[in-house]
Amino acid sequence: MRIAVAMSGGVDSSVAAALLQAQGHDVVGVTLQQWPRDDSEEAARHGGCCSLSAVEDARRVASVLDIPYYCWNLEREFGERVIEPFHRAYLEGRTPNPCVRCNAFVRFDLMLSRVLELGFDRLATGHYARVLVGPDGPELHSAVDSAKDQSYMLYHLDRERLARIVFPLGGMTKTEVREHAREFGLPVANKAESQEICFVPRGQTAAYLSKRLPVKAGAIVDRTGRMVGSHRGTALYTVGQRSGFGDLSEPGPWYVVRVDAPSNTVVVGRREELAVSAIALEDVTFIDGLREEPLECEARLRYHAPAIPAVYARGRLELRELFFGAAPGQAAVLYSGSRVLGGGIISAAA
């Protein structure tokens with residue numbers, strides 16, 4: 001088949017391209033230019049999966065494999081569909097996951113559409129996930145390597161798109177992938193992992209946001225409304241956070257239990273106050289369309305959080321176990337064993 005491989009310049013996508021070529025496919029490498037070129041922060045521009053250095057690494061790998069290589073400019077679309085919603089969500093007191101949006105609205109939307117229009121049979125990526133053939137069509141399953149599994153990021157995919165996507169690494173461990181990279185003689189075999197948010201320097205989300213958003217100081221209160229300190233701006237806090245408060249009037253540990261952006265207030269409490277047993281979801285989608293409700297499932301409420309038993313019905317997720325720190329804006333992904341059923345965005349928790 002003719003397969004376009006989304007090459008990020010990292011070891012995973014590079015090995016995906018090499019494996020598909022070794023299997024006899026006609027492989028072409030494509031990197032998406034998404035970074036904001038007018039961003040003066042070198043760490044943001046050079047640290048992620050779509051950075052300037054990533055393009056050069058991907059080009060070197062394509063040269064080693066002797067495959068055609070292209071770089072597509074989606075900077076404007078990435079800004080409109082990922083970066084701007086990321087900023088808006090924090091201003092609204094939510095905690096977004098830009099990687100979910102990138103996969104949903106850029107990589108497996110714009111990029112996949114262009115790949116198919118150009119006559120390719122498939123789009124391949126270095127994601128750790130599996131597409132398996134089920135009785136009713138293709139199914140999305142978690143990766144064999146649970147430590148690297150990225151199925152949480154891909155819950156939005158439907159059967160039509162899954163039929164056109166290849167995840168060559170889904171059945172491998174990271175150690176095996178690096179061994180393959182050395183066997184193929186790839187120059188990125190020992191390259192370190194890229195950061196999760198490609199346009200934000202690692203560990204500097206608050207600093208990044210404070211430079212770009214109109215934040216202002218306000219009150220930190222407990223659940224009774226009693227003021228216990230002051231914050232630097234609601235956009236710099238997220239549910240579950242236990243640092244960045246400065247000096248509070250009472251000893252900790254304190255945790256953010258709610259971010260009230262309209263009143264410019266951060267509500268804190270003790271760890272037990274983070275516990276929730278029900279989640280309201282919005283923008284819910286299922287891979288195979290509508291499903292019968294109530295739906296028994298397992299739910300992951302944060303990336304890499306363990307799945308917990310739950311029941312979904314009409315936009316509401318009833319949890320069979322307490323979950324600590326469900327943050328509005330994060331994805332809730334529903335599973336049946338290793339199979340991804342679908343998911344939605346957390347709008348509220350109780």
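Helices and strands here are DSSP runs, numbered from the N terminus. The model is predicted.

- An open sheet is built from 5 strands, in the order β3-β2-β1-β4-β7. The pairing is parallel.
- The edges are held by β3 (69–73) and β7 (165–166). Each has a single partner strand, so one side of each is left without a neighbour in the sheet.
- Strand β2 (residues 26–33) pairs with β3 in the parallel sense, over 5 bridges.
- Within this pair, Gln33 stands opposite Asn73 in β3.

**Helices on the sheet**
- Helix α1 packs on the sheet and touches β1 (2–6), β2, β4 (122–124) and β7. The direction of α1 makes about 165° with that of β1.
- Helix α5 (residues 98–117) also packs on the sheet. It touches β1, β2, β3, β4 and β7. The direction of α5 makes about 140° with that of β4.

**The α1 and α7 pair**
- Two packed helices are described by the angle between their axes and the distance between the axes.
- For α1 (residues 11–22) and α7 (residues 174–183), the angle is about 60° and the axes are 9 Å apart.
- The crossing of α1 past α7 is left-handed.
- From α1, the contact uses Val11, Asp12, Val15 and Leu19. From α7, it uses Lys174, Val177, Arg178, His180 and Ala181.
- The contact residues of α1 with α7 divide into 5 nonpolar, 1 polar and 3 charged.

**Cis peptide bonds**
- The bond from Gly252 to Pro253 is cis, with omega near 10°. Pro253 sits in the loop between β9 (227–231) and β10 (255–260).
- The bond from Glu293 to Pro294 is cis, with omega near 0°. Pro294 sits in the loop between β12 (275–286) and β13 (295–300).

- Asn264 has a phi near 55°, a positive value in a residue other than glycine. Asn264 belongs to the loop between β10 and β11 (265–269).
- Asn264 counts as buried because its relative accessibility is 13%, and buried means under 20%.
- Asp283 has a phi near 55°, a positive value in a residue other than glycine. Asp283 lies in strand β12.
- Asp283 counts as exposed because its relative accessibility is 59%, and exposed means over 50%.

Notes. Residues numbered from 1 in each chain as written. Predicted model: local features only at pLDDT ≥ 70, side-chain atom pairs only at ≥ 80, totals over all residues. Heavy atoms only, no water. Helix = DSSP H or I, 4+ residues; strand = E, 2+ residues; numbered from the N terminus. Buried < 20%, exposed > 50% of the residue type's maximum accessible area, 1.4 Å probe, protein only. Axes fitted to C-alpha atoms, helices over the stretch in contact; angles between N-to-C directions. Left-handed = near helix turned anticlockwise from the far one by under 90°. Contact = heavy atoms within 4.5 Å. Nonpolar A, V, L, I, M, F, W, Y, C, P; charged D, E, K, R; others polar. Pairing = 2+ DSSP bridges.
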